[in-house]
Amino acid sequence: MIEFRDVHKWFGDLHVLKGINLHVAPGEVLVVCGPSGSGKSTLIRTINRLETIQKGELIVDGMKVHDPRTPMTKLRAEIGFVFQQFNLYPHMTALENVTLAPIKVRRIPRREAEEQGKEVLAKVGLADKLYQYPAQLSGGQQQRVAIARGLCMRPKIMLFDEPTSALDPEMINEVLEVMRALAHEGMTMIVVTHEMGFAREVAHRVAFMDYGELIEIAPPEEFFARPRSERTRHFLSKILTH
Amino acid sequence: MWGVYLEQLLQSLPFFLQGLWMTIAVSGLSLMAGTAVGFLWGILRSSRRRVAKALIGAWVDVIRGTPFLVQIFVLFFILPEFGVHLEAFPAAVLALSNLAACFICEIVSAGIESVPHGQREAAVASGLNGYQQLRHVILPQALRVMLPPLVGQYVLLIKDSSVVSAIGVVDVTRVGWLTVQRIPQGILVFGLVGLLYFAICYPLIQLSNALEKRLGRSARR
């Protein structure tokens with residue numbers, strides 16, 4: 001479903017992805033962790049070409065993302081992206097936020113899109129917030145609208161870029177709950193997060209990134225019990241002690 | 001003695017209204033054309049099209065850095081040397097439209113740039129094409145920032161339109177010049193001229209203030 005072959009990216013002189021090789025199968029849930037600046041956000045942002053890569057091959061859903069001639073709007077419609085800062089459209093209600101792309105990109109009739117939007121918002125626990133504007137919602141509610149916005153496109157892949165990092169602690173769980181349900185439905189997901197409880201419980205594999213390299217990737221039982229690399233052990237000891 | 005002048009002035013009122021109509025025609029046409037072109041330039045200027053950006057940026061700087069009176073003289077007196085002859089009215093509308101476009105371009109691109117980058121990313125990520133991103137996500141948010149200064153700019157441009165009297169367009173200001181030669185009471189004549197400008201501009205000033213309050217409030221919603 002997603003295949004990185006020796007993928008490199010530079011920001012100017014800064015080598016942020018150094019030869020990434022990675023294969024994500026349909027239905028797989030991959031959690032990516034690592035220190036800030038390790039390139040993990042950049043990694044998932046390359047998948048729908050929010051960042052372009054300079055070297056290597058990146059195939060997503062059969063499309064060559066590394067090829068600048070590949071039109072991206074069609075592929076982006078198949079990939080839901082959830083941002084750390086939610087990025088909801090502030091001038092639209094929750095329902096308008098989740099129906100915009102289905103109506104404009106998928107060309108679904110408005111009424112049908114709204115039916116589906118209401119359904120999906122109900123699924124993330126926001127049936128009573130359809131006509132609220134983002135500023136009237138809590139952070140956790142906003143992030144759930146953002147997830148619903150992705151889901152309304154009926155995507156094949158969902159990408160999460162630190163979805164709970166901007167949330168107050170008491171709101172983290174309501175968002176993870178939605179993501180957990182999604183994983184159990186068989187959605188292909190890549191989640192950049194430091195929520196190791198979520199990784200242990202939901203992920204099929206956990207990857208550790210540092211300095212633009214994929215240091216280690218393994219099923220969670222193995223990843224947490226017997227990390228092979230010194231750097232992984234060091235990172236885990238720092239974030240698991242509290 | 002003022003009574004006599006006042007009566008004379010009252011008799012030339014139709015002349016003033018004609019001038020007022022000309023002022024409204026010149027500024028109305030120019031504001032419409034200037035808004036359309038200014039939006040286009042502003043959008044291009046905040047896009048990634050490098051050549052268009054550089055050209056528009058340079059042109060806006062030239063126009064902002066030279067007096068409107070000089071621009072209109074160039075258009076009206078110097079272009080004919082190169083075989084381009086324009087009547088006073090189209091020359092006036094063209095010059096003022098261009099001036100309007102330049103100022104509005106700045107307002108539009110500042111408005112677009114005020115929209116947080118994450119908004120465009122969200123729109124891109126959901127598969128919207130460039131036009132759809134602009135139409136449904138960026139411009140509605142930019143418009144809130146743009147509207148009060150835009151209406152404020154309209155007021156400035158309507159007042160700047162008085163410069164077109166210099167090439168013989170008979171607008172309110174020109175009517176003032178012509179009238180004061182018959183009625184030597186500058187304070188009366190130009191008082192009336194000022195009053196007529198004020199009558200057009202004041203509602204716009206009020207509108208700009210109201211928009212500022214209203215949009216400021218909804219932005220905090």
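1. Strands β7 and β8 of chain A. In this predicted model, strand β7 (residues 157-161) of chain A runs parallel to strand β8 (residues 188-192) of chain A, and 5 bridges join the two. Within this pairing, I157(A) stands opposite T188(A) in β8(A).

2. The pairing of β7(A) with β6(A). Strand β7(A) also pairs with strand β6 (residues 79-82) of chain A; the sense is parallel and there are 4 bridges. Here the residue opposite I157(A) is I79(A).

3. Burial of β7(A). Strand β7(A) is mostly covered, with 5 of its 5 residues buried. In a regular strand the side chains alternate between the two faces of the sheet. In β7(A), I157(A), L159(A) and D161(A) point one way, whereas M158(A) and F160(A) point the other way. The residues pointing either way are buried, D161(A) included.

4. The antiparallel sheet of chain A. Chain A also has an open sheet of 4 strands in the order β2-β1-β4-β5, with antiparallel pairing. Its edge strands are β2 and β5 (63-64) of chain A, each of which pairs on one side only. Strand β1 (residues 2-11) of chain A is joined to β2(A) by 8 bridges, and these two strands run antiparallel. F11(A) stands opposite L14(A), the latter being in β2(A).

5. G19(A) is located in strand β2 (residues 14-24) of chain A. Is this residue buried or partly exposed? Its relative accessibility is 24%, so G19(A) counts as partly exposed; the cut-off for a buried residue is under 20%. When its neighbours within four places in sequence are set aside, G19(A) is in contact with D6(A), V7(A) and H8(A). A further spatial relation involves L214(A): this residue and G19(A) are 195 residues apart along the chain, while their C-alpha atoms are separated by 8.5 Å.

6. The interface between chains A and B. The contact involves 18 residues of chain B and 24 residues of chain A. Together the two chains bury about 1700 Å², of which 60% is on carbon and sulfur atoms. Between chain B and chain A the count is 5 residue pairs in polar contact, both residues being at pLDDT 80 or more. The salt-bridge count between these chains is 1. R45(A) forms a salt bridge with E121(B), and the closest N and O atoms are 2.5 Å apart. On the side of chain B that touches chain A, the elements giving two or more residues are α6 (117-125) and α7 of chain B. Helix α6(B) gives the most to this side, with 7 residues.

7. P149(B) in helix α7(B). P149(B) is found in helix α7 (residues 130-160) of chain B. How exposed is P149(B)? With a relative accessible area of 39%, P149(B) is partly exposed, because this class lies between the limits of 20% and 50%. P149(B) and E212(B) are 63 residues apart in sequence, and their C-alpha atoms are 8.7 Å apart in space.

Conventions:
Residues are numbered from 1 along each chain as its sequence is written. Chains are lettered from A and ligands numbered from 1 in the order in which they are written. This is a predicted model: local features need pLDDT of at least 70, side-chain atom pairs count only at pLDDT 80 or more; totals for chains, interfaces and linings use all residues. Side-chain values use heavy atoms; hydrogens and water are left out. Buried means under 20% relative accessible area, exposed over 50%, partly exposed in between (1.4 Å probe, protein chains only). Two strands pair if DSSP finds at least two bridges between them. Contact means heavy atoms within 4.5 Å. Buried area is the accessible area (1.4 Å probe) that two parts lose on being put together, summed over both. A salt bridge is a side-chain nitrogen of Lys or Arg within 4 Å of a carboxyl oxygen of Asp or Glu. A polar contact is a pair of N or O atoms within 3.5 Å; within protein, one must be able to donate a hydrogen and the other to accept it, and residues adjacent in sequence count only if both atoms are side-chain atoms.
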